[in-house]
Amino acid sequence: MIETRDLWKTYEMGAEKVHALRGVSISIDKGEYVAIMGPSGSGKSTLMNLIGCLDTPTQGEYYLNSRKVSQMNDDELAAIRNREIGFVFQTFNLLPRATALHNVELPLIYNGTTGQDRRAKAMQALEKVDLGDRVTHKPSELSGGQRQRVAMARALVNDPSLLLADEPTGNLDSKTSIEIMKLIDELHRQGNTIIIVTHERDIARHAHRILSILDGQIAEDLTVPESQRNGVH
Amino acid sequence: MVVFSLFRIAVSALRAHRLRSGLTLLGVIIGVTSVMTIISALEGMAGAIEEDLARLGPSTFVVRHIIFITSDEMFWEKIKRKPIDYKAVELIENGCELCEKVCPRAYQSVTAKYRDQSLRDVFVTGATANYVDIVDFEVEQGRFHSFEDDLYRRPVVFIGDLVRETFFEGVDPIGREIKLGTNKYTVIGVAKKRGSMFGESQDDFVIIPLSAFSRQFGFPRRGLSIVVKAPTVEDLDEAMDQVRIILRAQRHVPYDKPDDFDMVTAESMLDLLNSLTKIFRLGLVGISSISVVVGGIVVMNIMMVSVTERTREIGIRKSVGAKRRHVLIQFMFEALMLTLSGGLLGIILGFLIAKSLVGMLDMQITPSALAIIAGLTISTGTGLVFGIYPALKAARMDPIKALSYE
Ligand SMILES: Nc1ncnc2c1ncn2[C@@H]1O[C@H](COP(=O)(O)OP(=O)(O)OP(=O)(O)O)[C@@H](O)[C@H]1O
Ligand SMILES: [Mg+2]
């Protein structure tokens, strides 16, 4: 489902070049549950942004569902983000003035889903994350965990084939983190492909496979034995 | 439709930033108001002149305390002038041998009523019976009022076609009673349809005997205007001189001072109209370019601030799949809504200002199609031209950079 070949991402900082990724080749199948780990600055977010089609590599190829994404233009990438990918961020990235419902409706607006249909789908997604009773709340009127669940509802609303989460629990306390991870586990059980970036071993052990990244390169690719997994699978 | 959703997003963004939207509006309002004022005022003056022009013969001229103004010095001098009174009419009738016909007129706007129907802003002219001989309009039905009607102050009225159509569709109007303001008048005749000019009807007038007019309205606030006919075109200059001498004497104008009244012939009105049109075009081009720049800079400035301030929002929208055009359209809608509503307010405000300006000259003014079209075009143009850069900037943002913007 995901296939990258020798991905490079280089930032030019004046005269200096920062290689955030140095030749990453990975392949992830449909239905997998993968965690990406690594120290701060190792390139985890950079890789996630590439996988999530938010950014394009400086060099190398990326195939998503057998389509070559690495050379697509802005609008083609936007269409892929809209249909194929649900992205959850550490900082939630919700529109502060909009209600939970409107935030969840957002991806639907851009693929032309209208009226009743849009509302119904957004409601359904909010119910899936157990927020059916908070639809008219604005982000400031919700707790951190609830905000992240709104963000997850938004990520799910278009039935994407891929769910990406960059440190989804990074801004949450441990109890709320467990809630969110339960939700992610549940989504995996329902057949979603999931990639999650985390610092924490406990969180990573929810996944079935752990990719370790070091200085922009894959250092280790481990399968987590069933006995060592966290959560219910 | 995606576009409809984007429109709604734009509306709520404008609502959320009321102060900013208001400031932007102000920029556009100022621009459009100035354009509107100029166009409406000039059009109002030119229109009034054209109307008379169309109906005067070549050996005719009009005398009034103010007919036209071509510079602002004249404006302040002319608005202080005394109106022409009945005494002047009498003096001209008796003292001007080359004045074959002398016809004083007075104007007033009223609401006309017939049974339960009413028509607002009907233009009432009070005139003597010879008006119909001098001014060219055709009688469709019935007759114009006679010398006796005027002498005995009979409440009779000759109506324009719009008035007939409004009140008497399918009925014979002759002999029916309509109300002009507070008084009742019997319809004695109907004018032939004149059609419309600049999208305004020329048929919303009624004419009553001058004596009946004075009885109802007293001495007209706007004074009288006198239409004078000389026997032939060759006598015109001579006749005008005679009138000039009579009026200067009556109004005690010192010999070294210019006339304190205006006199025009059809020909001189035509000249004036041409020069007004020229001024009008120049002024229009000048003022609209200034207003476009002023309004446009405000719009662009504020849209830039808005785009920068909402960088994260743009990042969020793009991250969930908004394409460039979605973001572009959203911000263009915002700019256009601002400039268009500013434009509409400017049109209204400009018209009101022009109305009070022209009102000081005792002339009539109606909203002109040209001015409204110009106002709308300018405001839409401003929105499009000055909104496109900020909107493009928003549309081209890189999602990752936008999301990490603090
Ligand atoms: N826009 C940018 N311009 C320049 N350098 C950048 C940019 N974005 C990231 N980098 C650099 O690329 C490297 C990888 O960054 P990245 O954000 O992917 O790290 P990370 O593994 O997600 O770290 P963290 O765990 O702190 O989130 C870092 O050295 C960072 O400084
Ligand atoms: Mg990171």
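Me: Which residues do ring pairs link into a cluster with B:Tyr114?

Reply: In this predicted model, ring pairs join B:Tyr114 with B:Phe167 and B:Phe168 in a cluster.

Me: How is a pair of aromatic rings described?

Reply: One gives the distance of the centres and the angle of the planes. The structure holds 10 aromatic pairs over all chains. In one of them, B:Tyr86 and B:Phe219 lie 5.8 Å apart, centre to centre, with 75 degrees between the planes, and the pair is edge-to-face. This pair links distant parts of chain B, 133 residues apart: B:Tyr86 belongs to helix α4, and B:Phe219 to the loop between α8 and β11.

Me: Why does B:Phe219 count as partly exposed?

Reply: B:Phe219 counts as partly exposed because its relative accessibility is 39%, and the range for that class lies between 20% and 50%. B:Tyr86, at 30%, is partly exposed as well.

Me: Why is the pair of B:Tyr114 and B:Phe167 tilted?

Reply: The planes of these rings stand at 40 degrees, with the centres 6.0 Å apart, so the pair is tilted. B:Tyr114 sits in strand β2 and B:Phe167 in helix α7, 53 residues apart. Both B:Tyr114 and B:Phe167 are buried.

Me: How are two packed helices described?

Reply: One states the angle between their axes and the distance between the axes. The axes of α4(B) and α9(B) come within 10 Å and cross at roughly 140 degrees, which means that α4(B) is oblique to α9(B). The crossing is right-handed.

Me: Which residues in α4(B) and α9(B) meet?

Reply: Among them are B:Leu91 and B:Ile92 in α4(B), and B:Ile246 and B:Leu247 in α9(B). The residues of this contact comprise six nonpolar, two polar and one charged.

Notes:
Residues are numbered from 1 along each chain as its sequence is written. Chains are lettered from A and ligands numbered from 1 in the order in which they are written. This is a predicted model: local features need pLDDT of at least 70, side-chain atom pairs count only at pLDDT 80 or more; totals for chains, interfaces and linings use all residues. Side-chain values use heavy atoms; hydrogens and water are left out. Rings of Phe, Tyr and Trp (its six-membered ring) pair if their centres lie within 6.5 Å; planes under 30 degrees apart count as stacked, over 60 as edge-to-face and the rest as tilted. Helices (H or I, at least four residues) and strands (E, at least two) are DSSP runs, numbered from the N terminus. Buried means under 20% relative accessible area, exposed over 50%, partly exposed in between (1.4 Å probe, protein chains only). Axes are lines fitted to C-alpha atoms, for helices over the stretch in contact, and angles run from 0 to 180 degrees between N-to-C directions. Angles under 35 degrees count as roughly parallel, over 145 as roughly antiparallel, 65 to 115 as roughly perpendicular and the rest as oblique. A crossing is left-handed if the near helix is turned anticlockwise from the far one by less than a right angle, and right-handed if clockwise. Contact means heavy atoms within 4.5 Å. Ala, Val, Leu, Ile, Met, Phe, Trp, Tyr, Cys and Pro count as nonpolar, Asp, Glu, Lys and Arg as charged, and the others, Gly among them, as polar.
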